[in-house]
Structures are given as structure tokens and as C-alpha cells.
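I opened the model today to look up a few side chains and the contacts around them. My notes follow in the order in which I made them.

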Amino acid sequence: MQIMVNGSPTDVAAATLAAVLDELGYGGATVATAVNEAFVPATRRNLALSPGDRLEIVAPRQGG
Amino acid sequence: MRFYGTEIASRLMLGTAQYPSPAVLAEAFRRSGAGIATVSVRREAGGEKAGAAFWDLVRELGVSLLPNTAGCHSVREAVTTAQMARELFGTSWIKLEVIGHTDTLQPDPFALVEAARILTEEGFQVFPYTTEDVVLADRLLNAGCEVLMPWGAPIGTGLGLTNIYGLRTLRAQFPDVPMVVDAGLGLPSQAAMAMEMGYDAVLLNTAVAKAGDPAAMAEGFARAVEAGRLAFEADPMEPRDMAAPSTPVIGKAFLS
């Protein structure tokens, strides 16, 4: 299915958030996620994704 | 000085953005003695691992972390960003920015209060980036904020304290609320002035990161903050219009 990952259309085979993160190379990375503008805690990454879902994946960065 | 019950040794808070290198950032923090570092969350690509590298760097600074919601323009965006930051950085502290104007980066006061209320209800300890407006300050306190962070000037301008009257009024209106002048400072003298006015701390980033020698500027700000605080605690003299000789007049030799 195709979903949006950080603003880019992305084809994924996996069906859950956790599996998509693994598929896209985030395994073990220090990241937080939101799906369709709503925060999804790390404890709820068994969330099933649907075509067209908007996934945001963020990590710690410099800030002022 | 305490923020939400946490004792902070330094009254200088420093951002982590825009430094020429991680090594310069670390040296600037060392010479600043800052006790709090602001950080953010941003998109990461798969396999990038930049977040992990930055996370390692800031942990080695040995300071408390204050994640921000920089760049957010709506309540929902700010709340979701704060939730992601809390998970990533393991702190309930959040520097709440809800920007209302693109050119000035002025906060959206209505969205700021609403986001502060929601986040407080969710257990966050909110540090709102606000203006010197006393009515807005009152609303933020009612929404649950226990710290206020009025701007000195628009972010990144280095203009210093552009509304001294407003900042003095805000300080006087809420004497017991911890307040940080956040944003717009360009020189240590401006930080000293904020501290002399009774502000509890200052938060800056660009003034240090974009200086020719960031570490030296960081130390300059540290000394200014300390000097300004000492002056405030020392109860400064009142200015007066007419000159008054400091050397005693009595006993002067009569020589004319």
C-alpha cells in the first residue's frame, strides 16, 4: 500500500506501524511517531496502517 | 532558582542550534555553565541515525533538556509535537512555541493559551514562549503555566530588550512567577539588563552560535547574567536628574 512518510509518498508491504518502521530502516532508532497528525506512543506501534495514512517520524535535533 | 520544583544552578539557558560543529557546541556549553539546553524534534529518514548521534551529544553535556515546539503554527501541531518530544527526551518540560506571524515569529496568543491548557492537563510542565503582554501572561498562568518566557525581541534578531517598559511591567505584575527573557538577545549587556530588571534567567541561542567565537561569547553571557543578577540582588540606587558629589564637600581645602 502507499502511505505518506514524512511528506513523501512511500510504498510499503508491512501492515502495522512497527513493521513499517522496520521495513523503512528505523529498527532500533530513537524516533517518535504520529499518524494522521495524532501522536502514537512507542507502546502502541502495533497500530494497523491504512492506504493514504500520513506517518510522521521524528528524532531529537538541535533547537533554540 | 526553581522551575516546576527543580533546582537549577545557572540562570543562563542555551540553545543547541546553528553551531559550526558539535565540538564548538560542547565547548560553548562548557564555558557558559548553562544548566538547561533547548532541543527540538525533526523528521528523520530511515537509517539516518542523526537523532541518536545528537542525543548522545546532549546527554554528554550533563544539563537538563527543554524540548521545544519550534515552528508550530497551530494548537494541534504544537500538542502533537510536545507529545513526541516527551517520549523522545523523557521529560515533561516543554518550551511551548505556537507561532502566529511568519515575519516576526510572534506567538499566537490565543492558540498559545489553548495549547498550554491542553498540555498542562496532560501532565506537561509548560514553559510558554510569550510576549510581554500582562493579560496574556495572566491567561497562561490560569491555564496552568508556572513559568513565563517573554521575548526580548523577535527570535534571531539580536535587538535586545525592545520594550523595556512592558518587560518591567510584566515583572512587577507577577513578582513570584519564575520568568525567563527568551529570544532576541544579541549581546551580554542586554542579558545583564534583563537580569538587573529582576528576570530570573535568560535563554538565548543565535547570539552565541553565530558569534565568531561561540565559546567566548557563551562565557561573556555567563558573566553578564551573573553580574546582572548580583546587581538586582544588591538593590540598585535610584537614578536622579541632578548631579550629587560623591566626594565629601566638607573638609575641602579653601584655595581660591
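**A lysine and its partner**

I began with B:Lys95, whose side chain makes a polar contact with the side chain of B:Asp182 at 3.2 Å; a polar contact is a pair of N or O atoms within 3.5 Å, where within protein one must be able to donate a hydrogen and the other to accept it, and residues adjacent in sequence count only if both atoms are side-chain atoms. I note that this is a predicted model, in which local features need pLDDT of at least 70 and side-chain atom pairs count only at pLDDT 80 or more, while totals for chains, interfaces and linings use all residues. Residues are numbered from 1 along each chain as its sequence is written, chains are lettered from A and ligands numbered from 1 in the order in which they are written, and side-chain values use heavy atoms, with hydrogens and water left out.

B:Lys95 lies in strand β6 (residues 93-96) of chain B, where helices (H or I, at least four residues) and strands (E, at least two) are DSSP runs numbered from the N terminus. Leaving out residues up to four places away in sequence, B:Lys95 touches, among others, A:Gly64, B:Phe127, B:Tyr129 and B:Leu203, contact meaning heavy atoms within 4.5 Å.

**Between the chains**

I then turned to the interface, where 28 residues of chain A are in contact with 31 residues of chain B. The two chains bury about 2400 Å² between them, 56% of it on carbon and sulfur atoms; buried area is the accessible area (1.4 Å probe) that two parts lose on being put together, summed over both. I found 4 salt bridges between chain A and chain B, a salt bridge being a side-chain nitrogen of Lys or Arg within 4 Å of a carboxyl oxygen of Asp or Glu.

I recorded A:Arg61 as buried, at 11% relative accessibility, whereas B:Glu48 is partly exposed, with a relative accessible area of 39%.

**Within helix α2 of chain B**

I also looked up B:Arg59 and B:Asp56, whose side chains meet in a salt bridge (2.9 Å, N to O). Both lie in helix α2 of chain B, 3 residues apart, about one turn of the helix. B:Arg59 is partly exposed at 49% relative accessible area, and B:Asp56 is partly exposed at 40%.

**Around helix α7 of chain B**

My last entry concerns B:Ala192, which lies in helix α7 (residues 188-196) of chain B and is buried, with a relative accessible area of 12%. B:Ala192 touches B:Ala224 and B:Gly228, residues up to four places away in sequence not being counted. The buried residues of α7(B) include B:Pro188, B:Gln190 and B:Met195, and what covers the buried residues of this helix includes β9 (180-182), β10 (201-204) and α9 (214-233) of chain B.

Note on methods: Buried < 20%, exposed > 50% of the residue type's maximum accessible area, 1.4 Å probe, protein only.
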